Amino acid sequence: MKGLMAWKIIVLSFVLLPGVPALVSAQKLVVGYSGVTAIQAPFWVMKDAGYFKQEGLDADLIYIASSSTMAQAMMAGEVAISTANSQAVVDTGLQGGDLVAVGAFVNFVALYIIAAPEIKSIQDLRDKPVGVTRFGATTDFGIQMLLKKYGLEPVRDVPIIQIGGVPELAAALSKRSIYAAAMSYPMGLVAQKSGMKLLANLAKEEIPFLHQGITTTGRFLRERRAQAKAFVRAYGRAVHFMHTRKEASKAIVSRYTKVTDPTLLEGTMQYAYDFVQKIPLVKREAIQVTMDESGRKNPKAKQFKPEQFYDNSLVQELVKEGFFAALWGR
């Protein structure tokens, strides 16, 4: 009996140790991703490679097209953590919500402008409709910023049509319902293979923007911080997996994107390798440019500071603890 009691004490002591994954697995997480693109791959790898479980997280992964729709699901309590972008975070905050980016996949617009072959330059888009997934989504922000850079006023000079998901953009482009769209890979590659052309690479246009965030609510961060930190660790492990287990990563990405053609899959993976950050710190300017853009329509934006919309403390803690150095060897 004494031996049994001693064993129970040992087990109980282990369960109560700080940092043990069992502590953060008490509540299920619903995790959302907002696009079928390779830069969403860390979320897919977290699930399929077992990093949610390794970090003690009981997580369900769901797809909700566009960050603006995702933000609504988060504020309704239907999604705990997602890839929602800075436009969704800022717009929700200006309406009284409390979304906060605790990490960043990409701090600039990582999209391509795919156009009909008769479109030779950005100026050729004048008076021709262009497509976005949803108003307020990354595709919307990116194409509006590009048009302004080249002296075209969105809506007035270039009509903008809300289409739906990225596959729907490709279909609308092929039918000439639109003449250009901001697209990610693999669908951008598929569209090019069917005769469309690459008009611009928004990454080279140097447009700061939190394209994909690790986004949650302020309440979740306060009340379930251990889970949020475990999630960021899972992200770090997933990105490392993508770089060190490339064939296994291809299989996961192929499963979610339905891309099986070897050339398209290789291009899709390169898109992720080029843009996804190994250490997911949010850059202040990625939030600031979003606030500046929102301020054109909503004067309330001038009452806020960028720091109210992001919190790098979880990533910074992991950096100090040597987590990322242990993964990458530096």
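1. In strand β9 (residues 197-201), Leu198 is the bridge partner of Ile114. Strands here are DSSP E runs of at least two residues, helices are H or I runs of at least four, and both are numbered from the N terminus. β5 and β9 pair in the antiparallel sense, over four bridges. Two strands count as paired if DSSP finds at least two bridges between them.

2. A word on the source. This is a predicted model, where local features need pLDDT of at least 70 and side-chain atom pairs count only at pLDDT 80 or more, while totals for chains, interfaces and linings use all residues. Residues are numbered from 1 along each chain as its sequence is written, and side-chain values use heavy atoms, with hydrogens and water left out.

3. Now the other neighbour of β5. Strand β8 (residues 180-183) runs antiparallel to β5, and four bridges join them. Ala115 stands opposite Ala180 in β8. Tyr112 faces Met183 in β8.

4. Which way do the side chains of β5 point? Tyr112 and Ile114 point one way from β5 (residues 112-115), and Ile113 and Ala115 point the other way. In a regular strand the side chains alternate between the two faces of the sheet. All four of these β5 residues are buried. Buried means under 20% relative accessible area, exposed means over 50%, and partly exposed lies in between (1.4 Å probe, protein chains only).

5. Axes are lines fitted to C-alpha atoms, for helices over the stretch in contact, and angles run from 0 to 180 degrees between N-to-C directions.

6. Contact means heavy atoms within 4.5 Å.

7. Another helix pair is α10 with α14 (residues 313-320). They pack at an angle of about 65 degrees, with axes 10 Å apart. In α10, Arg225, Ala228, Lys229, Val232 and Arg233 meet Ser313, Leu314, Val315, Glu317 and Leu318 in α14.

8. How many aromatic pairs are there? The count comes to 18. Rings of Phe, Tyr and Trp (its six-membered ring) pair if their centres lie within 6.5 Å; planes under 30 degrees apart are stacked, over 60 edge-to-face, and the rest tilted. Phe43 and Phe105 have ring centres 5.2 Å apart and planes at 70 degrees, so the pair is edge-to-face. Phe43 is in helix α2 (residues 41-48) and Phe105 in strand β4 (residues 99-108), so the pair ties together parts 62 residues apart in sequence. Both Phe43 and Phe105 are buried.

9. Ring pairs also link Phe43, Phe52, Phe105, Phe231 and Tyr235 into a cluster.

10. Last, charges over rings. The charged end of Lys246 sits over the ring of Tyr273, 4.9 Å from its centre. Lys278 has its charged end over the ring of Trp328, 4.3 Å from the centre. The rule asks for NZ of Lys or CZ of Arg within 6 Å of the ring centre and within 35 degrees of the ring normal.
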